[in-house]
Amino acid sequence: MNFEKIYTYGTLRLDITIPYDFADPLTIPEIKLPSCDHRIGGSVYNTSRFLANNLCTDTIEMIVAGGGRLLAELKTQCDFPQNLYFLGDATLNEKYPVSIIGVSQDGEKRMVSYDPPATSDINICIENLHNGATIFYTSFYEITPLLCNSFEQIAWQKDNNSIIMVDLCPIIDNLDKSIIDRVLNCIQVITGNNSEFSALMHMLQIDEAGSLMLLYPNIKEIWIKKGEKGACVLTQDVSKKHIIYSCSVSKKVKAKNTTGCGDVFNAMVLFGKMRGYHYEEILKKAVFESSKIAEGELPWKAKV
């Protein structure tokens, strides 16, 4: 099935990169943050922008749930994609979360500190945006009771050709279980890495990711990111039998950067679904593109 529209929902944030010795962090001298590399990021934004870059003529509309103060900076970038549009009233939000990313002398990058998304008073009824075959995408970082209400309205609509895709996050085991349950009862596609799925399965008291489809029959696809081991997708055939497609990473890839890889993987899953690709083709493209990010960084990341 081909989809006509993608809406994403997320927070803009400021990523600050600092020199860092992961083996012995205490050896790092005093760092002046204003002199460090400042760039605009955010998981959903990264996915949205990479997707816009690849879809070319198709438009991506991102509902900015927070960090709207950074929008003016984005729009000054000469390479900003013209098919990425922002919705919402978050431009009045003067606060935005900050991420600290450490980079070692050999170029390895990892997240050191991560602020939670800023509280947003955005008031967009996402269910009213539904029109035709639409994909809604966000991260568990962004989930609120209000967003759950919108997802439930979409899920209950008759003749609904839309799907909701949500990415797990590292703090999944700290989120309210009732909120997680509400989300899982609405979505059709879930993505995440091995450790995030392990935390979710522990919370739900199940032994394998495939059991999610038994607990929540509305879930049709489970995309698991395995880092240097590649990725897999778990789905079902018409008889409800589980089918697993896997894809490995090329042995030539020398991963140094773990920030943004999962965001790009998700972007390529969305891209493949927009184009109606088969699972195996989506996996190959998603693993290939995310492995390129692992060797360097996101292709834009203009300094602020």
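How much of the protein chain do buried residues make up? In this predicted model, buried residues account for 52% of the 304 residues in the protein chain. Its secondary structure comes to eight helices and 13 strands. If you look at contacts in the chain with a separation of 6 or more, 72% of them join residues 24 or more positions apart.

**A closer look at β12**

Is strand β12 (residues 231-236) largely enclosed or left open? Five of its six residues are buried, so the rest of the structure largely encloses it. On one side, β12 pairs with strand β11 (residues 221-225) in the antiparallel sense, over four bridges. Tryptophan 223 stands opposite valine 233 in β12, and lysine 225 has alanine 231 of β12 as its bridge partner. β11 and β12 make a hairpin with five residues between them, and glycine 227 in that turn has a positive phi of about 65°.

Then there is strand β13 (residues 242-247), which runs antiparallel to β12 and is joined to it by six bridges. Glutamine 236 has histidine 242 in β13 as its bridge partner. As a general point, side chains in a regular strand alternate between the two faces of the sheet.

**The four-stranded sheet**

The other sheet to look at has four strands. It is also open and mixed in its pairing, with the order β3-β2-β6-β7. Here β3 (37-41) and β7 (109-114) are the edge strands, each pairing on one side only. The twist averages 30° from one strand to the next. In this sheet, strand β2 (residues 13-19) and strand β6 (residues 98-103) run parallel and are joined by six bridges. Proline 19 has valine 103 in β6 as its bridge partner.

**How the helices meet**

| Helix pair | Axes come within | Crossing angle |
|---|---|---|
| α4 (residues 177-184) and α5 | 12 Å | roughly 105° |
| α7 (residues 261-275) and α8 | 8 Å | roughly 150° |

Take α4 and α5, whose axes cross at roughly 105°. That makes α4 roughly perpendicular to α5. On the α4 side the contact is made by Lys177, Ile180 and Leu184, and on the α5 side by Leu200, Met203 and Leu204. By class, these residues divide into five nonpolar, no polar and one charged.

Now for α7 and α8, with axes that cross at roughly 150°. This crossing makes α7 roughly antiparallel to α8, and α7 passes α8 in a right-handed crossing. From α7 come Cys261, Val264, Phe265, Met268, Val269, Gly272 and Lys273; they meet Ile282, Leu283, Lys285, Ala286, Val287, Glu289, Ser290, Ile293 and Ala294 in α8. The contact of α7 with α8 has eleven nonpolar, two polar and three charged residues.

**The buried residues of α3**

Finally, which residues of helix α3 (residues 145-155) are buried? They are Leu147, Cys148, Ser150, Phe151, Glu152 and Ile154. What covers them includes the strands β1 (5-11), β8 (134-139) and β9 (163-167), along with helix α4.

Conventions:
Residues numbered from 1 in each chain as written. Predicted model: local features only at pLDDT ≥ 70, side-chain atom pairs only at ≥ 80, totals over all residues. Heavy atoms only, no water. Buried < 20%, exposed > 50% of the residue type's maximum accessible area, 1.4 Å probe, protein only. Helix = DSSP H or I, 4+ residues; strand = E, 2+ residues; numbered from the N terminus. Pairing = 2+ DSSP bridges. Axes fitted to C-alpha atoms, helices over the stretch in contact; angles between N-to-C directions. Parallel < 35°, antiparallel > 145°, perpendicular 65-115°, else oblique. Contact = heavy atoms within 4.5 Å. Nonpolar A, V, L, I, M, F, W, Y, C, P; charged D, E, K, R; others polar. Left-handed = near helix turned anticlockwise from the far one by under 90°.
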